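Please read them with the structure open.

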Amino acid sequence: MEYKKIKYSLEGDTAWILLANPPLNIVDLEMMRELISALDVAENEAEIVVISHEGKHFSAGAEIKEHYPDKAPDLIGTFTELILKILNSEKITVCAVRGYALGGGFEIPLACDVILASSNAKLGVPEITLAHYPPVAIALLPHMIGWKNAFDLITTGEAVDAHRAREMGIVSRVFEQESFDEDVKKYVNGLLEKSPIALKLAKKALKKSTAVDFGKVLGEVNRIYLNELIKTEDAVEGLNAFLEKRKPEWKGR
Ligand SMILES: CC(C)(COP(=O)(O)OP(=O)(O)OC[C@H]1O[C@@H](n2cnc3c(N)ncnc32)[C@H](O)[C@@H]1OP(=O)(O)O)[C@@H](O)C(=O)NCCC(=O)NCCSC(=O)C1=CCCC=C1
């Protein structure tokens, strides 16, 4: 597949997948399909998969214009396929994030094994401000940071900085902006020095300790999203208000 919105390269045993859709690396359907394809390639040829980005920001999330009721099923179906591909990968998945990581641009890192954040990163799920919710964060976050922290992030829509995200248990390491790329490479090289089979089996065993079928949970969360939320007047008003740069007027239906 020819990539237009991402870049893929293999360096030794590491696959580097970069979001490359400037300026905000919006994750539209085309990018989702390219990421799915690149992850398939990486699964066959790499031991470690690093998802990172070009430009200042990891991503401002999924394309808001693709959230209207006619397009939402395709968007949610493809995004779920992408997230499950990351969650089900047998390889070590590392996400390296600078700047904004919002909405779907936060959920991609969440699905990875490790998030390495630059000290200028801002992570969050603003979907509630659009009268939407973030399905993947709803499925994963309570298991990672507990109900109360997850509830707070999802219902306020406020982003947290890298250090707060580290305290909450979302981010594994925070590196200074100036040395970020170098520190990410050092982290990856540290993993490459370990036994690949031991890493792979440690990941397999760690997954047993959560014992959650995220595919099933995500299916239920998506059903409420598509059958109930997306059909409301508020869900359309939230999108219109964002695109028209005005305050939304909620109807509660
Ligand atoms: C903070 C921000 C990133 C940058 O602020 P700044 O003040 O620096 O810049 P700016 O002026 O605001 O923006 C510049 C241009 O980019 C556009 N644009 C921006 N984001 C866009 C987007 N996502 N999609 C499309 N366009 C987007 C702006 O409209 C503007 O366009 P213009 O030049 O034509 O006027 C801000 O744009 C923001 O909050 N974005 C929304 C974040 C959000 O709600 N994300 C969650 C999404 S839902 C999700 O991910 C899910 C996934 C799965 C399932 C369910 C949900």
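The points below cover the basis of the model, the strands, the cores and the aromatic contacts.

1. Basis. This is a predicted model, in which local features need pLDDT of at least 70, side-chain atom pairs count only at pLDDT 80 or more, and totals for chains, interfaces and linings use all residues. Residues are numbered from 1 along each chain as its sequence is written, and side-chain values use heavy atoms, with hydrogens and water left out.

2. Helices (H or I, at least four residues) and strands (E, at least two) are DSSP runs, numbered from the N terminus. Strands S1 (residues 6-11) and S2 pair in the antiparallel sense over six bridges; pairing requires at least two DSSP bridges between the strands. Ile6 stands opposite Leu19 in S2. Two residues separate S1 from S2 in this hairpin, and Gly12 in the turn has a positive phi of about 60°.

3. The crossover. S2 also pairs with strand S3 (residues 48-53), in the parallel sense and over six bridges. Here Thr14 stands opposite Ile48 in S3. The chain gets from S2 to S3 through helix H1 (residues 29-45), and this β-α-β crossover is right-handed. That term means that, with the strands pointing away from the viewer, the path from the first strand over the helix to the second runs clockwise.

4. Burial of S2. Strand S2 (residues 14-19) is mostly covered, with five of its six residues buried. Buried means under 20% relative accessible area (1.4 Å probe, protein chains only).

5. The cores. A nonpolar core is a set of buried Ala, Val, Leu, Ile, Met, Phe, Trp, Tyr and Cys residues joined through side-chain atoms within 4.5 Å. The largest has 61 residues, and Ile51, Leu82, Ile108, Leu141 and Ile170 have the most contacts inside it. Helix H4 (residues 135-156) gives the most to this core, with nine residues. Apart from it lies another core, of 14 residues, including Ile48 and Phe175.

6. Ile51. Which residues does Ile51 touch? Leaving aside residues up to four places away in sequence, they include Ile17, Leu19, Phe58 and Ile108. Contact means heavy atoms within 4.5 Å.

7. Aromatic pairs. There are three in the structure. Rings of Phe, Tyr and Trp (its six-membered ring) pair if their centres lie within 6.5 Å. The Tyr133 and Tyr225 rings have centres 5.4 Å apart and planes at 65°, so the pair is edge-to-face (over 60 degrees). Tyr133 lies in the loop between strand S7 (122-124) and H4, and Tyr225 in helix H8 (residues 214-229), so the pair ties together parts 92 residues apart in sequence. Both Tyr133 and Tyr225 are buried.

Terms used:
Buried means under 20% relative accessible area, exposed over 50%, partly exposed in between (1.4 Å probe, protein chains only). Rings of Phe, Tyr and Trp (its six-membered ring) pair if their centres lie within 6.5 Å; planes under 30 degrees apart count as stacked, over 60 as edge-to-face and the rest as tilted.
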